Amino acid sequence: MRKLGLFTMAAGVALALAVQAAAAADKIKIGFLPGVVDPFYQVMQIGVEKAAKDLGVEVVTQIPPTWGVEAQTPLLDAMVARGDLNYIITAPVDKDQMVGPLKTAVDHGVKIITVDTYLGDGDYVKGPVKFPLSYIGSDNVQGGRIAADGLAKAIGGKGTVYINSTNPNVSSVDGRAKGFKEEMAAKYPDIKVEGPDYNLDDANKATQQTAAALARTPNLAGVFGTNVFSAQGAGTAVVNAGLGGAVQVVAYDATKQAIELMDRGVVSLVLAQKPFDMGYLAVAFAAADAAGVTSLPPRVETGFAIIDKTNVKDPAVARFIYQVPGK
Ligand code: T6T
């Protein structure tokens with residue numbers, strides 16, 4: 001498992017911040033505005049709420065029902081209009097189109113911390129967008145590379161593979177497709193990459209698109225689903241076509257369903273992100289900033305747990321499977 005060291009460091013930073021931040025915490029109120037209702041952001045919300053409880057901070061949460069600027073912007077505007085929020089922790093659903101609405105929040109005195117996705121190029125020191133305090137999330141280009149290596153291994157280093165993704169202009173999934181393509185081009189000359197198709201974060205659409213890809217390329221060797229719904233749709237299409245095991249799927253996001261598909265031999269590799277840590281750290285950052293801490297890093301990578309059949313039962317790995325109570 002890569003980046004465990006980074007995780008441990010992140011947890012250490014969180015604890016230190018928690019101590020420093022406790023004094024100022026009761027004076028701030030935080031808005032939490034993730035991307036959409038899904039298991040990844042539900043686990044992130046658990047992290048946000050745990051940190052809020054540990055630090056005695058009040059959090060107001062709004063979750064868009066669907067992915068998109070049209071769904072996220074009105075919720076953001078309403079949060080700003082309340083007038084009582086000091087910080088908003090958010091996953092911008094578009095790296096360019098959410099700059100304006102979030103800048104308006106800043107102009108109203110709200111500080112922004114981005115989690116999971118970033119604005120601009122994600123470099124808040126030298127890049128085109130500098131106002132967020134930090135980006136806390138995965139190195140998604142690296143995640144795409146890990147997915148490529150995993151899929152290449154599963155298909156024996158040759159054949160055609162297909163990417164199913166959500167929307168263009170989203171830093172997370174864009175990064176994953178980019179890293180995947182770059183790694184395949186650099187290391188696997190006998191693998192051809194098709195896609196991405198964009199499913200607009202709709203698993204049914206991902207199923208249809210993957211079914212079409214299977215029909216178009218009868219000898220398709222593998223599919224990379226770049227997030228929960230993409231991987232879910234990809235897996236369903238492969239199972240429906242009776243091709244489980246013949247067409248290998250790599251799934252970004254460790255949902256229970258992805259793990260079940262791995263148990264059935266449909267999915268060969270699952271990348272678990274650390275949504276709990278993203279949420280926890282973001283609240284700790286807000287509280288620390290409110291306490292006057294000036295050394296908050298503008299970017300924190302939270303690492304991955306890379307899950308396959310050999311380690312899925314290891315508790316040190318299995319703990320990163322997204323667990324949502326009651327689901
Ligand atoms: O993969 C996550 C997240 O990282 C991405 O930005 C959007 O999709 C998810 O929320 C999973 O559905």
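Predicted model: local features only at pLDDT ≥ 70, side-chain atom pairs only at ≥ 80, totals over all residues.
Trainee: What is the strand order of the open sheet of 6 strands?

Mentor: Helices (H or I, at least four residues) and strands (E, at least two) are DSSP runs, numbered from the N terminus, and two strands pair if DSSP finds at least two bridges between them. The pairing in this open sheet is mixed, and its order is S7-S6-S8-S9-S10-S12.

Trainee: Which strands form the edges of that sheet?

Mentor: The twist averages 15° from one strand to the next, where axes are lines fitted to C-alpha atoms, for helices over the stretch in contact, and angles run from 0 to 180 degrees between N-to-C directions. The edge strands, each of which pairs on one side only, are S7 (191–198) and S12 (305–307).

Trainee: In which sense, parallel or antiparallel, does S10 run relative to S12?

Mentor: Strand S10 covers residues 267–272 and is joined to S12 by 3 bridges. Within this pairing Val270 has Ile307 as its bridge partner, and Leu271 stands opposite Ile306. The two strands run antiparallel.

Trainee: What is the handedness of the crossover from S9 through H9 to S10?

Mentor: S9 and S10 pair in the parallel sense over 4 bridges, and Val249 has Val267 in S10 as its bridge partner. A crossover is right-handed if, with the strands pointing away from the viewer, the path from the first strand over the helix to the second runs clockwise. The β-α-β crossover from S9 through H9 to S10 is right-handed.

Trainee: Why is S10 described as largely enclosed by the rest of the structure?

Mentor: Buried means under 20% relative accessible area, exposed over 50%, and partly exposed in between (1.4 Å probe, protein chains only). S10 is described as largely enclosed because the number of its 6 residues that are buried is 5.

Trainee: What angle does the direction of helix H9 make with that of S10?

Mentor: Helix H9 (residues 256–263) packs on the sheet and touches S9, S10 and S12, contact meaning heavy atoms within 4.5 Å. The angle between the directions of H9 and S10 is about 150°.

Trainee: Where is Asn167 found, and what is its relative accessible area?

Mentor: Asn167 is found in the loop between S6 and helix H6 (171–187), where it touches residues including Trp67, Tyr198 and Asp201. Its side chain makes a polar contact with that of Thr166 at 3.4 Å; such a contact is a pair of N or O atoms within 3.5 Å, and within protein one must be able to donate a hydrogen and the other to accept it, while residues adjacent in sequence count only if both atoms are side-chain atoms. Asn167 is buried, with a relative accessible area of 12%.

Trainee: Asp253 has a positive phi; what is its value?

Mentor: Most residues other than glycine have a negative phi. Asp253 is found in the loop between S9 and H9, and at 4% relative accessibility it counts as buried. Its phi is near 95°.

Trainee: What is the omega of the cis peptide bond from Gly195 to Pro196?

Mentor: Most peptide bonds are trans. Pro196 lies in strand S7, and the bond from Gly195 to Pro196 is cis, with omega near 10°.

Trainee: What distance separates the centres of domain 1 and domain 2?

Mentor: The domain assignment of the chain gives domain 1 (2–138 + 274–303) and domain 2 (140–272), with bounds that come from an automatic or database domain assignment. Across their interface, 19 residues of domain 1 are in contact with 18 residues of domain 2. Taken over C-alpha atoms, the centres are separated by 29 Å.

Terms used:
Residues numbered from 1 in each chain as written. Heavy atoms only, no water. Lists of a residue's contacts leave out its neighbours within four places in sequence.
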